[in-house]
Amino acid sequence: MGIANLMALLACGLAMGFGALGTGWGLGFTAQGAIRGMARQPQINPLLFRNMLVGQAITETPAIFSLVVAFLLYFSADKHLEAPYSLAQTASFLGAGLCIGIGSIGSGIGSGLVAHHALTGMSRNPSAQNQIMLVMLIGQAWAQTGGIFALVIALLLLNGGGFAGLSGPNDLHLFSILPLSPGEIVGFSRYLGAGIAMGFGAIGSSIGIAYVGGMACRGLATAPEAGARIKTAFFVGSATAQSPSIFSLIIALILLIR
Amino acid sequence: MVKVKTGLAAGAFFLTEGGLAFASMDKPPALRLLGLTFNHSTIIHTAIVALAIYVFVRLLTRRLSREHPQRGQVFLEILVTFLSDLAKQTIGPNRGVRYLPFLGTLFIFVWGANMLSMIPLRINQIGGEFFNDYNSNGIYDPGEPFIDANGDGVHNPGFQIPLFEEPTADLSFPAALAIIFVLFLGHGSGIYFHGIAGYCKEYFSPGGIMGVCMFPLNVIGKLAELVSISFRIFGNIFGGAIIMTVVASLIYYFLLPVGMFGYFTVFVGTIQAFVFTMLAATYIAMEAGESTEAEAD
Amino acid sequence: MNEETVKLLIGPLTQAFALLGAGICMGFGSVGPGAGEGFAAGKACEAISRRPEEYAQIFRTMLVGQAVTESTAIYSLVIALILAFH
């Protein structure tokens, strides 16, 4: 059992713990929207219930991503790694866990936010439910894009970690337990940096896009006749709000590949 | 002796005396051609889905009648109405109808692919030879047994894996669909409707010097569409498959987790197929949609 | 730790801290702009639903506001790129 194996176990817990945090929040937020809507308009209960289930099924996605990475990390800890004392290998596990865990927070809360506002809007104006449903699904899916970038980076970290830190002279043993070579040091911060960049970078954009989607849903309930204009503002606004997470993806990829 | 090699890409989980164990399943020998690797399990399952959809739709449309519609006809009419509403709402009332055949095919195909593991046929796998005859490079390599549950140096106990797996749990399937529908169809119709100059203008979107600076970011943004749409459905279906395998191996001797199976396979599979179709329609609409500016002004 | 070791380690350590700094810079630097741009566009959607006839002006203001908000993310990107290629 090297330090990389131990870190894989810790990262497994981090991934699932943080991943469940945002998603649970979002799921509850969705249900809150449905319940408030039911109190306002009891006659459309079945509609709200059905749409709540659909919204929750999509909101659950970030938690499923976290679960996938958590399982992969858990079973990486069991493997006989080539370099169990490698700092870079350790950082690649920690980076993968942090990346998917923190990256899921924004996606989970964001998807729930969209569904909450959509259900509220449906209860205000049930006749606009088709338009609202469409914008809700697109908004939820776009709010999860940051989480998907985080999944990509986490899978790359898990795959690439095996080749980590083998460049540079390896003969400097400063501590007895860690072979602390220059290549290892650079590899450590490379992988940890990539995980942090993508993990935190996904939060802001996801919540921002979710706010756009939610407000678009409420706007459609207020003025269904202005649907085309609201949808244009929604598409353009969320495409622009996506760019910070794309910056993060670029930096994470540069750190990984370089 | 003919060996059938299929099952979940992730491998299999076992409940042993020592706790939950995992056997990483080596990939079956892949077909290599012109520098490309073909995963034959995915190809076979994709073909099975296509064939099954063809047979089903043939059966449902056998006796079409305007006066006395059969149940199958009513079902298909509801489906087509639903999809045509989706296309009209997303892409536009005039151009949307043109895309109905594409979007309908996409939805039915992805949905059928997600439902493939509903077929309750399982293979009994006894021992480790299933996993260890080939290594990950497809070379015959009879290694040591992957798990030594009893400590006697022999294979693990027998277990079951599904005969049919969802092709969507392999990334290449949704990635191929995304390339066909978003890249070829979406960007192709963008060029068709706006001309090459109008299409290229999108990449310098704010215009001016700022537009030149934003050009690489716009290109990456377009590529990110492909990544996000394909990884979304892959992660969901793959995660659901892992959850089902873990739960099924945990309570193997008691009962089948019908409710969880219904949720993760039927419900999530249907919703994700719908989301995939709708996002493809949205990306097509962003390239080729009817101008909302003209409508708004 | 003798002097030779320090001399050998100082280059990689500088690079390592630069890379970690690049990751932290871009990661935290994109939280604010992402959420801020979203709030701008969300309020724009709401405003359009209240007064659809003022669409053009609201839309223009939204785009300008988002561009200004995005400039902080671009600062982070520039610094992160400088650090990553240090």
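Reader: Where in chain A is the place of A:Ile153?

Author: In this predicted model, A:Ile153 lies in helix H6 of chain A, residues 145-160, where helices (H or I, at least four residues) and strands (E, at least two) are DSSP runs numbered from the N terminus. Residues are numbered from 1 along each chain as its sequence is written, and chains are lettered from A in the order in which they are written. Local features need pLDDT of at least 70, and side-chain atom pairs count only at pLDDT 80 or more, while side-chain values use heavy atoms, with hydrogens and water left out.

Reader: Is A:Ile153 buried or exposed, and which residues does A:Ile153 touch?

Author: Buried means under 20% relative accessible area, exposed over 50%, and partly exposed in between, with a 1.4 Å probe and protein chains only. A:Ile153 has a relative accessible area of 0% and is therefore buried. Contact means heavy atoms within 4.5 Å; leaving aside residues up to four places away in sequence, A:Ile153 touches residues including A:Cys99, A:Ala194, A:Met198 and A:Leu249.

Reader: How many helices and strands does chain A have?

Author: Chain A comes to 9 helices and 0 strands, and 71% of its 258 residues count as buried.

Reader: What describes two packed helices?

Author: Two packed helices are described by the angle between their axes and the distance between the axes. In chain C, the axes of helix H1 (residues 3-29) and helix H2 (residues 31-50) come within 4 Å and cross at roughly 20°. In H1(C), C:Gly27, C:Phe28 and C:Gly29 meet C:Val31, C:Gly32 and C:Pro33 in H2(C).

Notes: Axes fitted to C-alpha atoms, helices over the stretch in contact; angles between N-to-C directions.
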